[in-house]
Structure formats: structure tokens, C-alpha cells
Amino acid sequence: MRSARSDANMASSEKSTKERLLSTLDDLEVLSREMIEMLALSRSQKPPQSGEDNQVLELLVQRDGEFQALMQQAVEQGRQQQEMLRLEKELEKRDSDIQQLQKQLKEAEHILATAVYQAKEKLKSIEKARKGSISSEEIIKYAHRISASNAVCAPLNWVPGDPRRPYPTDLEMRSGMLGQMNNPSNNGNVNGHLPGDALAAGRLPDILTSQYLWQSTDVSMGMLPPHHGNEFGPGHNKENEDDVEAMSTDTSSSSSDSD
Amino acid sequence: METIPLQQETEDYSFLPLIHDIIKCMDKDSPDVQQELNKLKTKIQETREQILAMPGIETNLEQQQQQLQTLTEQVHTKNQLLHKYKGLCMFDIPKA
């Protein structure tokens, strides 16, 4: 019986303190009831068994002692539980601090990554510009050529009614190389069209001189045909005014079918 | 914490005085036997309820000490970690 009890004690060490307390309390209840019943019986006619009485009494005292020890242990565990709760609260606070720090580090990483990326892009742009660099004089020359055709600003002496336009007119387009390619069989000036041969020879008839009047006199030589560099100017306006009026009428029509 | 009341409470948890009173009453054939029996029964029931309400006894003492040690180590480690990262090299950000 005692070996069984020791085995029970060993097994009970793995049980929780609560289970052991309740078990011991149940034992105390049973033993005290048994003790009282035995005493009650001893008052009756049945002779008492002293050995059994003593055994029950010993067990009762033993169980009571165990119960007292377990209760002290339970009180101690209660104190440790309070300490554990305090440590858990501190742990929660540390966890939130770590999360906050992690968030800030992540934000800093994002900012630094963005800055590094933008810096790299700028370096790439710098390198690209350095490779494809153009001299400023060339750019200024090109800008001068573009602006010399009065495409961005009307000539100073332009008035409403002036046939000059900042864009190539219909007649100009038809007298160009593309227009002549489409009409290779034209021999005369039909509605202002020129023979392709005359154009190919590099000599423009007078009818077309007015088309170039919208160009300013200080245009660079490279833009114009070489034979007519000095022939243009305001002086030719009167000669071709009628033609220009006719042409402007033609060009003003929506469907200029001059074929 | 209040240690003196706790010690008194543990002393009150002994059932031997009550059993002794019952036995005395039985010896004297006193009519208070039933009353003493009821006292014992009530005390056992109250003790049982108190045990069920006590905190921290869901585990045994060894397990609880192990948990306490683990928690202490965790707190110590996290404190060290925070101290380390907060003490890293600080950048002097020039004001634009």
C-alpha cells in the first residue's frame, strides 16, 4: 500500500498544484467521515478495532500535513504568478517598442532606396547627355534657320490680306518634288502647276517667286535654291501680286483639285 | 504582499481542530455534534471553492519556475536588443 502511495506521489508531482490540493482535500473529507463513523460505531455494541482506528487517524494527520504544505506552495505560486504577469506586461511593451523600431527602420530603408534610385537615374541622364552632347553653336544655327522662315512669327511688314503664310501653301506643295512625281506628264502651267523639267533644271518660273516672298531677306543661303538667292525680296511682290491673289483664292478653297 | 494574513489563512486550513471538536462532542454525547459536523462540511466546501479560485496553481511549482525563468530571459534579451539598435551609429542629417 505504501509503495502504491509512493508511486502515486511520484505521479502526482506531475499533476498541477490545484489537482493535488483537491485530491488531498477529498482524501481528508473521506478520512474524517470514516473516522467519525468508526467512533459512532464504537459507541454501539460493535467492539472497536483499535488498529484500524489508529491507521485512519495516522492517515488523517498525514493528509492534513500534506494539505498544509500544498497550501503554502499554492500561496508561493500565487506570488510567482503576479511576478509573471508583471514580466508579461513588460514583454508586451518591449514587443511594441521593437515593432515601432522596425516600422521606422523600414521607412528609413524606403526613403534611402528612393534617394539612391533617383541619384542613379540622374547619373544615367548625365552620362547620356555627356555622350550625345551637341555644340551650342549648332543648336543656335538650327534655331536660326527654323525661325528665319517666319514660321514662328509673322514678318514685320505682314498685314491682313498678305498672301504669305507660315506654312507651305498648296501651290508650293504641288510644285515640289513630290507633286511633280505624281504628275510627270504636265507640260504647261495648269492652275499654277509647273513642269517637272523646269523644276528639275533648278530654274523656277516667275509664278513661283511669290511663293518664296514669305521668307525673310536675311535667310541663310543653304535653305534656298542656289540660283535665286538674291532675286527675292519685297521688290518682287508687285510683279506677282495678281498671281498671289489668284493662288490664295485657290488655296483658300477646301477642295483644291487643280488637275 | 500581506504575508501575515496569508500565514493565518494557511493555519486555518487545518481540519484537525474541527475533527477534534467533533470527537469531543461525541465523547460527551453533546447535542452540538450535528452542528460541528455541519461546520466541518461547510469548511471543506469553502476550502474547495477557494482552491478553485486561487491563481497560478494550474501548473506545478517546477513548471511555473521554468516559465518564470523563460519570461525573465525573454525580457532581458529584448532589452538588450532594443538597447543595441537604439545605440547604433546616428547620422547627422544636415538641415536643408
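Student: Which side chain of chain B does A:D95 meet in a salt bridge?

Tutor: A:D95 meets the side chain of B:K78, at 2.3 Å from N to O. The pair crosses between chains, running from helix α3 of chain A to helix α4 of chain B. A salt bridge here is a side-chain nitrogen of Lys or Arg within 4 Å of a carboxyl oxygen of Asp or Glu. Helices (H or I, at least four residues) and strands (E, at least two) are DSSP runs, numbered from the N terminus.

Student: What sort of model is this, and how are things numbered?

Tutor: This is a predicted model, in which local features need pLDDT of at least 70 and side-chain atom pairs count only at pLDDT 80 or more, while totals for chains, interfaces and linings use all residues. Residues are numbered from 1 along each chain as its sequence is written, chains are lettered from A and ligands numbered from 1 in the order in which they are written, and side-chain values use heavy atoms, with hydrogens and water left out.

Student: Back to A:D95: buried, partly exposed or exposed?

Tutor: A:D95 is partly exposed, because its relative accessible area is 31%. Buried means under 20% relative accessible area, exposed over 50%, and partly exposed in between (1.4 Å probe, protein chains only).

Student: How many salt bridges cross the interface of chain A and chain B?

Tutor: The rule finds four across that interface. One of them joins B:R48 to A:D26, at 2.7 Å from N to O. Over all chains, the search of the whole structure gives 19.

Student: And how much area do the two chains bury between them?

Tutor: About 4,200 Å², with 71% of it on carbon and sulfur atoms. Buried area is the accessible area (1.4 Å probe) that two parts lose on being put together, summed over both. In terms of residues, 45 of chain A are in contact with 44 of chain B, where contact means heavy atoms within 4.5 Å.

Student: Let us look at helix α4 of chain B. How far does the helix reach?

Tutor: Helix α4 of chain B covers residues 61-86, and its 26 residues reach 37 Å from the first C-alpha to the last. That is close to the 38 Å expected at 1.5 Å a residue; the expected span is 1.5 Å times one less than the number of residues.

Student: Which of its residues are buried?

Tutor: They are B:Q64, B:L68, B:L71, B:V75 and B:L82.

Student: What is the overall make-up of each chain?

Tutor: Chain A has eight helices and zero strands, and chain B has four helices and zero strands. Of the 259 residues in chain A, 28% are buried; for the 96 residues of chain B the figure is 28%. Chain A exposes about 18,000 Å², with 55% supplied by carbon and sulfur atoms. The accessible surface of chain B comes to about 7,200 Å². These areas come from the Shrake-Rupley method with a 1.4 Å probe; for residues, only the protein chains shown count as cover.

Student: Within chain A, what does A:D27 form a salt bridge with?

Tutor: A:D27 pairs with A:R63, the closest N and O atoms being 2.9 Å apart. This pair links distant parts of the chain, 36 residues apart: A:D27 is in helix α2 (residues 17-42) and A:R63 in helix α3. A:R63 counts as buried because its relative accessible area is 13%, whereas A:D27, at 28%, is partly exposed.

Student: Where does A:Q62 sit?

Tutor: A:Q62 lies in helix α3 (residues 50-131) of chain A. A:Q62 and A:L28 are 34 residues apart in sequence and 9.4 Å apart in space, C-alpha to C-alpha.

Student: How far along helix α3 are A:R79 and A:E76 from each other?

Tutor: They are three residues apart, so about one helical turn separates them. Their salt bridge has its closest N and O atoms 2.9 Å apart.

Student: Which residues make the nonpolar surface patch?

Tutor: A:Y142, A:I146 and A:V152 make this patch of about 340 Å². A:I146 lies in helix α4 (residues 136-148) of chain A. Patches are made of residues with over 30% relative accessible area and no salt bridge; like charges are joined within 9 Å, and nonpolar side chains (Val, Leu, Ile, Met, Phe, Trp, Tyr) within 5 Å.

Student: Finally, what is the phi of B:D29?

Tutor: Phi of B:D29 is near 55 degrees, a positive value in a residue other than glycine. Most residues other than glycine have a negative phi. B:D29 is in the loop between α2 (16-28) and α3 (33-53) of chain B, and is exposed at 58%.
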